[in-house]
Amino acid sequence: MRRTLIQSATIISMDASIGDLRFGDVLVENGRIAEVRPGIDATDAEIVDGRGRIVIPGLINAHMHTWQTALRGYAANWTLLEYFRRMHAGLATLFAPDDIYIATLVGALNQINCGATTLVDWCHNNPTPAHTDAAVRGLLESGIRAAFFHGSPKPEPKPGEPHFSEVPHPRREVERLLAGPLADRDGLVTLGLAILGPHYSTLDVSLHDFRLARELGLIASMHQGGGPAKTQGGWEKLIEAGLVGPNVNIVHGNDLPDDLLQRLIDLGVSFSVTPENEMIQGHGFPITGRLLKRSVRPTIGIDLESVLAGDLFSAARVALSMQRALDNSEMRKSEGTIPATTTIPAREALAWITTEGARMLGRESQIGSLTPGKLADLVVINADDLNLFPVHDPIATVVMQTSLANIESVMIGGVWKKRNGKLLADGLDRKKELLARSGQRLVKDIERQGHAAT
């Protein structure tokens with residue numbers, strides 16, 4: 001029996017029945033959390049000194065296009081319209097399977113390094129099965145827990161070809177994955193669908209894709225927003241067809257009208273917000289506050305490392321700060337003063353990147369909190385670091401002040417993936433070299449075509 005005991009740490013369990021412990025222990029047995037309480041006796045276990053440390057559940061990155069890792073920062077100055085043209089119709093068409101593999105592998109490793117134990121990899125640059133398999137291989141090799149959301153590329157059609165909005169999601173490819181590398185519905189890497197949805201496809205394609213997801217028991221995730229919808233009134237028709245429910249995940253959703261947003265909430269739809277990128281590229285203000293007013297919490301994703309950093313703590317802070325600012329401004333306009341107390345506590349933002357991500361994936365019984373019986377996905381933060389010490393409020397320390405520099409150790413399924421500040425991955429220098437070569441070639445090829453970044 002493999003056992004690890006973290007002793008005398010500050011525990012933020014994100015489980016209401018356990019709460020927060022100023023000095024507590026976490027016992028891990030055979031990949032799962034066995035106990036969370038003070039004074040656990042397990043002399044046969046590996047003992048980890050938790051003094052001066054904060055232990056939290058592993059973070060869950062609810063939305064990221066990991067295939068763009070080799071292009072870090074390249075699209076930082078692009079609006080959403082430029083991104084569609086330069087990335088999807090340009091750079092994306094130049095990717096070989098090896099480019100997808102190394103980007104996904106290194107991007108996933110970076111997520112572990114930053115404290116994410118689960119990654120929703122929204123892969124929509126897979127024109128061939130070889131591209132798809134390369135992405136899955138990268139995720140598996142990284143050791144991260146992942147939901148591989150299988151998407152479809154969005155190039156400009158060649159003469160005689162249909163527009164991507166008219167192309168149904170490929171059933172044969174989805175069934176191949178379910179029969180092969182992603183057959184285990186409870187495995188380290190599982191399958192979901194990154195479909196076009198009514199904003200980016202025809203009604204016939206949306207109906208096909210929603211039915212496919214429902215039939216196969218998969219999450220159907222889709223972008224919502226960015227220019228006019230391809231299918232006006234599409235959501236209403238999908239609702240009438242009985243195809244909208246808890247297996248549906250909407251990413252962004254900035255322009256959803258209030259009445260439709262409420263209908264979607266009533267049907268159990270989940271929402272993934274990528275706050276920093278939405279404001280940078282022009283989607284609009286994130287819908288964080290609109291959801292909270294309706295007693296719904298968002299999940300948080302990074303979206304694009306080609307634009308910004310892959311740090312979930314930063315993303316949660318951006319979402320929290322932006323919504324507090326909007327709430328404060330609204331109160332100033334209506335009452336002439338700011339609220340008497342903050343409208344969103346810091347703990348709420350931590351839920352967005354832990355328990356809510358688990359709920360969106362339908363895995364709240366397995367991940368998202370430090371609860372006995374759940375998978376042992378956790379993060380150890382060094383609260384003795386100069387930028388965190390002294391700790392008065394552990395939640396505030398984690399949400400408002402923690403960065404990559406403080407992520408001391410990361411465990412996934414009871415296995416250490418990062419220890420004492422060092423990512424436990426072989427051949428990192430070689431992987432970085434391959435990533436650099438991939439990015440340099442892609443940029444060189446696209447700039448040769450006259451599409452340089454500005």
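Student: How many cavities of 30 Å³ or more does the count come to?

Tutor: Rolling a probe the size of a water molecule over the atoms shows where empty space is left. A cavity is a set of points, on a 1 Å grid over the protein atoms alone, where a 1.4 Å probe fits but cannot get out. In this predicted model, the count comes to 1 cavity of 30 Å³ or more. The model is predicted, with local features needing pLDDT of at least 70 and side-chain atom pairs pLDDT 80 or more, while totals for chains, interfaces and linings use all residues. Residues are numbered from 1 along each chain as its sequence is written, and side-chain values use heavy atoms, without hydrogens or water.

Student: What is the volume of the largest cavity, and which helix gives the most to its lining?

Tutor: A volume is the space filled by probe spheres set on the points, which are joined across faces, edges and corners; here it is about 40 Å³. Lining residues have an atom within 4 Å of a point. Helix α9 (residues 275-281) gives the most, with 3 residues; helices are DSSP runs of H or I with at least four residues, and strands are E runs of at least two, numbered from the N terminus. Among the lining residues are T274, P275 and D311.

Terms used: On a 1 Å grid over the protein atoms alone, a cavity is a set of points where a 1.4 Å probe fits but cannot get out, and a pocket is an open set with protein on both sides within 12 Å along at least five of seven lines; lining residues have an atom within 4 Å of a point.
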